[in-house]
Structures are given as C-alpha cells and as structure tokens.
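Reader: I would like to know what the words used for a structure rest on. Please give the cut-offs along with the terms.

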Amino acid sequence: MNKQSFLRNLLLLFVSCTLGITACTDDDTESTVTLHYQQVGDIGPGMPYRGSAPTYSGVTPTEFAIDAITLDGAPFTDEKPCFTVNPSEGYLNIADSENLPLGTYRFTISCLAGGGRIVFPDVLSVHMVPATPEQIIVTPSLIEADYDAERISWGTAKVEAADEAVSFNAYALVQEKGKEYFAISPAGVISANLKFKGEIPPGIYRPVLRLTTKAGSADYKDALTIKVNSRPLGITYERNPGTAEVAAAFESDVPVLKGSADEVHYEILSVAPSTDQFAVDPATGVISLPQGHTLEADTSYEISLAVSNKFSHGEAVALRGVYTVDIVPYITPIDPKTFSYPASKMTEFCQFEVEKKAGFVGDVVTFTLGELPEALEGRIALDKQTGKITIARGNDIPVGQYTIPVFAANPKSDPENPTVANLALSVEANPNMFHKFGYGNNLGLPAEENADQFRWDGDGKKNEDKVIALADGYNDFNGRKPVFKLDVVHNWALQSPGDTSLQYVDENGDLHLRMRGNRWGQIGYVRVTATLGEGETAVSRSTIVFVMMRQKAKSDQIEYTPFVHRINSRKGGFTGILPVYAAGTDASKVMIRWRQNCFLYEGLETGVKPYGGKLADDNTLTIKQLWNSYSPSGVTSPSNSSPFNYYNDAGSADTPENMNRKLGYFDPTMNNQVYIRPNAWIRSDGEAVNGILTFQASYTLTANTGELGGTSNLIGVAVWLDENF
C-alpha cells in the first residue's frame, strides 16, 4: 500500500464521508468526469493542512480551481487567501488560517475535462472547529486515595472535551517543580505518578490540566480534585519554640498538619513540666495561654498533642513533643523608630545582601516582604527571623531605583498599624554587562532569531578548515574585548576534535573548526563562552554553534532550514519548520523516520560540564531511559526506531496506542514537521530534559517503504529541547 492511499484511509483529519458529486457543464450535457473528495474535519484555525488529491471516474481532470466558497451556507470571500487548490492535482491546501471564522466551509470546484470546464458545486467541505474546547469534563471529578495504600491502587480519572474542538493529541499536568505527584497518560487518564520517587503528602490537590491539540493548547483549572487521605502523621509550627511573656496572653501560629483535615480534632496530651494552663483550639491546633497565667519566667514547656481525624477511625494519634513554649519576663515591643535599612547599592548581575540597621528594638519578631516591584518578584530572599535580605548572583534585575518594603511583627504588634521599613536599593550598571553574543548563521536567516548554525557543501572526502567570524554575528560587547573559551560538546562532524590547534577560538573571537569531510549530513556543535571582566563583576555568557557538511545532491532532495528545531521540552508540539523538497517532488509521497547515530547531551548552560552521549544499551544515559519509556516492559532496544517513528514496520501509520507513547516523529499530516510529544522528555528525577538531540533520519520521496529504512537517503537533524523555550 503506498503512502498516499493509507493516509487517505487513516488520517484523523478526515471524516470518513466521501462524496461523488454530479457536475454541471457549460452546455448542460452529461459530465465526462465525477470527482470524489474526502471531507475535512477535526481541524482548527492556524493548522496547516494539505489534503489528498480527489479520486475520479471518467476522463482525467486538469486545471482545478476554486469557483466559490460558502461558510455555513452564506457566501464567503477568501481575501488572503487561506484556501487554495493545486491546479494540476486538485488537492486542497489551508494556510495562514489563524483568523478564519469557525464553521463549515463548502467549496465549489471546477476542472477541465473532455474539452470543457466542469463545475462541481459543494464538492468538498471543511468543518473548522475551535482550537481547544471551552470546557472539559473530568470523570470522576474527585479522586480519593489512601496515603498508606500502594500508589498503583489509587483511583484514576479521564479527561474529555465538553464541547466541540480539535481533538486532543497531548495531555499534561502543571505541577510545582519537584512535586510532580500525579501523571496523565497519552489517553488522558490521570493517576498517581508511579515514577515519582518521593513522598506524596496527604492533602488536597487541584492540578492544572494543560491540554494540547494540533491547533493550540489551553490550561484548565479546578477541573479535578485529588484528596490524599491519611490519619494524623505529624504537625509543624513555623515559629517553634514560641515565646510567651509572664502573665500575658499568648497564641501560637496556626500549625500545618501532615494528615487529612477532615473532622480534625486537637487535644493536649501532655505538658512537661506538668501544668493545666495551656489550651489548644480543637479545630485549628493553635496553642494558647490566658491573660494572667502564672507560669514563671525562664522556664520552658514541651507540649504533646493527641490528634484525630476522619481517617484515624475514632482513635487519637499521639504526636509527642511537637511544640515548645519559652516563658520570658518581658517581650519588648517593636520600636518603629529603630527599624530601618541603610540605603544600599548593588551592581547588576552580582550578589547582594544587607542586614537591618543595628539598634533594632523588639523581641520575637517575624519579618515578611511587602508588595514588590515586578522586576524584583521572585528575586528577593528574606530571612524571617533576622530580616536579612539577599539577592543571588546571576540575577537579571534591571538597572534602576527600587523600594523593598519589609514588615516586622511580634506578639505586641497592632495588626491595624503594622511596622514597616523600606529598603532603598539602587541597582547600578555593571561595566562588564552584556546580554547577547552569537555568530549568526550562513543560512540567510535573521541572526538573533535562530540558533547559531552553519552548513557547507562538501565532497564527502576532504576535511575542510572553516572560520566563523565573530564580526558576522551579533553581540553587545561595544568595543570591549572578552576572553573566549571553547568546549566541543558533540564532535561527530569534527576532525580531531581534541586538537586545540584545529578547533579553537582566537583572541578576536573568531571560531576555527576542522570539519570531517566524510561525515556528510551529520551535525556537530560546540559551546563558546565569552567573559568580560574579572572577579565579582565578571559576566559570562555562552552560545551553542551548530555545524554540518552536507551532500549537495541529497540536500537538493529534502532540507530543513533552519536545521536546528527548537522546542519546549515540557510543552512539546510542532517545531514549525517545514522541509523544502526538490522541484517536482510529490509531497504526499515523502516519508521520513529516525534512523541512526542518535546523541543527547545536557548540561549546556554556562559554566556547567556537558554530559550525555550516544544512544546505547546503557541505562545510565538519559536518552536510553527515554527510549525505554516507549515500551510497556520498560526496555527498548537502542536499534528500535519506534520511539521516534510515525510509521510501523509495514510503512503505515502506527497504531493510536503506540503513537501515544512515542517521544516524537516527523508528522506527514503536518507537512513532515518534527513533532515532540508533550511531557515525554522528562528525566527519571522528574526534571525536564534541557539538551540537544541529534540523529540521522532516513527518507523516501516515492513512498518506498524499503528505501525508508535504509541508509541511501539520510539527513541530519538537531532538536534543541529546553523547558524555557
């Protein structure tokens, strides 16, 4: 079966309704041809689409054209145009459709046959639906799980669209980094994350669902509640020990219970030394002393609690020694006049810290940050006990003047009249600061919008020395001279990669590389780091430079430009880079698949040592762990192409079950764009892969499945995965 035939039968984009339309001729004589188009559904605005050529009976039709379009029965003017029909083969193309109205489009198409122009009214329809549904349904909407039970036995829930939209092709959960407690399968089934190695604490969780279609993605909140239930396991008070003044009323902070809050009940189990003056709020766990208590100064009391809840089955759990109270003669109120920070300066990008001024008056104080300017959010650390403010090195706070409010409170503070001090912070320019640095490309693409990449033609034999000039790239050194450092990360395309007389960066920043002539179509890359200045104010930034020698005859057949596909490793999706085929190529017969020489390297950030290697039977490699994730057994041979292959062994589209396990593939239904499955590129520690995947892909231009698996037609592919893209 050739590719064109099986795509007509299997593409999800097609509703399985095929029409044979009676045509109208100019002279009302019987038509000499009948066209049969497959109708298009499951498509949304912004989705590029190329249909199949119509089948026909009768004489061969030529010179196809769109005569008219209606939208939901009304005439539609396609000004852009978004819809075109191939004049020689008759297939429909849809492009630049982001702003197309939703609804059903019907096309009147004409062609030349039997010496006359024949018109086929409403011969083809396209049902354009929303990119993502307005609402979703999660069944059940509540999962309750027993903390002590094996996670594999925890309940599951299924996600479905509540209204019409493009069908889902990827599911993800938005969870805090390091707390990926739950997982969602490629079929939209939510469960406990069996790969998560740590504890899933008792509590109530409402993970955000991020659902993706081929037309877009959307986040859905509060669609699912997961309750992990348990008896009381522990309790934590943030300020422990607490400090109480002789004869003065006292309250602890509200504790955090490790366990379910359902029907929770707190009692004091014991106090050492013994006293009956402490009380605990049975509903909140707040421990208190009354005004006028008679506990003596300079004594400490250790309190144990008995805590029960719905899941302790009527029995209280003894939580011993969970809180201590120190009795002091006097708690000094905060004197607002003594609370201030010195006006401070810091150099951009550099570390900064400041303490409150000496002479502060006040005991048992808790410090908290007030509302911060947007440029400082997430960049300021405050010690709640001391009030010390810290900013980490490498921060991206812009030069400017900032005010950082800090509140101070203790048991004698008036909540209606808080004590606040404002730190006046001046961020001054770093004389070594620069923000951009790269070598551009020789592909005719905008330099700063594309990863640095260079492609040269070779003869397949001779090694060639290449010089990539810094002056042809982009930077904001502004006349300053950095120090450069070269790290060869992936040496596959380089000759003698360890020879620093062949691979180096000179004092002018020009990159010298010796390319290996017989590594046609294979991609290598290096990291170049530029550093301005020394010591604390030094600034270093790196760029990754990709290089390859190509075989012109093969590149003329199929080529991606740029050849580096950048994609968010968590979100996945299509990379958006379309291949260019040789003139006369029937795009419907082009097939591409992963073939060989697969490498993955991580640790590409400035100052980090890269690590990784070639896909091999070594389970310590991230790429092998990812490859293994394809198979239900947890083991996948490095020679198995299925994890990155749209096709099965027969050259047909793989089964839906297998497609939902793949790491990615070249998608023939989307013009052979590279597709990365969302949340598939996750390491065993739950972190997203931030690295570069390179491999060789084999292809055929004629739907020849035997040729597809061979090595006669190969192209190099680089996929740069980073959760920050």
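Reader: Where is P81 found?
Author: P81 is in the loop between β7 (74-75) and β8 (83-85). This is a predicted model, in which local features need pLDDT of at least 70 and side-chain atom pairs count only at pLDDT 80 or more, while totals for chains, interfaces and linings use all residues. Residues are numbered from 1 along each chain as its sequence is written, and side-chain values use heavy atoms, with hydrogens and water left out.

Reader: What makes β7 (74-75) a strand?
Author: Strands are DSSP runs of E with at least two residues, and helices are runs of H or I with at least four, both numbered from the N terminus. The chain has five helices and 56 strands.

Reader: What kind of peptide bond joins K80 and P81?
Author: The bond between K80 and P81 is cis, with omega at about -5°. Another cis bond joins A272 and P273, also with omega of about -5°, and P273 lies in the loop between β26 (265-272) and β27 (279-280). Most peptide bonds are trans, and most residues other than glycine have a negative phi.

Reader: Why is F349 called buried?
Author: Buried means under 20% relative accessible area, exposed means over 50%, and partly exposed is in between (1.4 Å probe, protein chains only). F349 has 12%, so it is buried.

Reader: How do you know where empty space is left?
Author: A probe the size of a water molecule is rolled over the atoms. On a 1 Å grid over the protein atoms alone, a cavity is a set of points where a 1.4 Å probe fits but cannot get out; a pocket is an open set with protein on both sides within 12 Å along at least five of seven lines. Lining residues have an atom within 4 Å of a point. Grid points are joined across faces, edges and corners, and a volume is the space filled by probe spheres set on the points.

Reader: How many cavities of 30 Å³ or more does the structure hold?
Author: There are two. The largest has about 60 Å³ of space, and its lining includes H490, W492 and G521. Strand β55 (691-700) is among its suppliers of at least two residues; with three residues, β55 gives the largest share. The second largest cavity has about 40 Å³.

Reader: What makes residues of the lining of the largest cavity nonpolar, polar or charged?
Author: Ala, Val, Leu, Ile, Met, Phe, Trp, Tyr, Cys and Pro count as nonpolar, Asp, Glu, Lys and Arg as charged, and the others, Gly among them, as polar. By this rule the lining of the largest cavity has five nonpolar, seven polar and no charged residues. That of the second largest cavity has six nonpolar, two polar and no charged.
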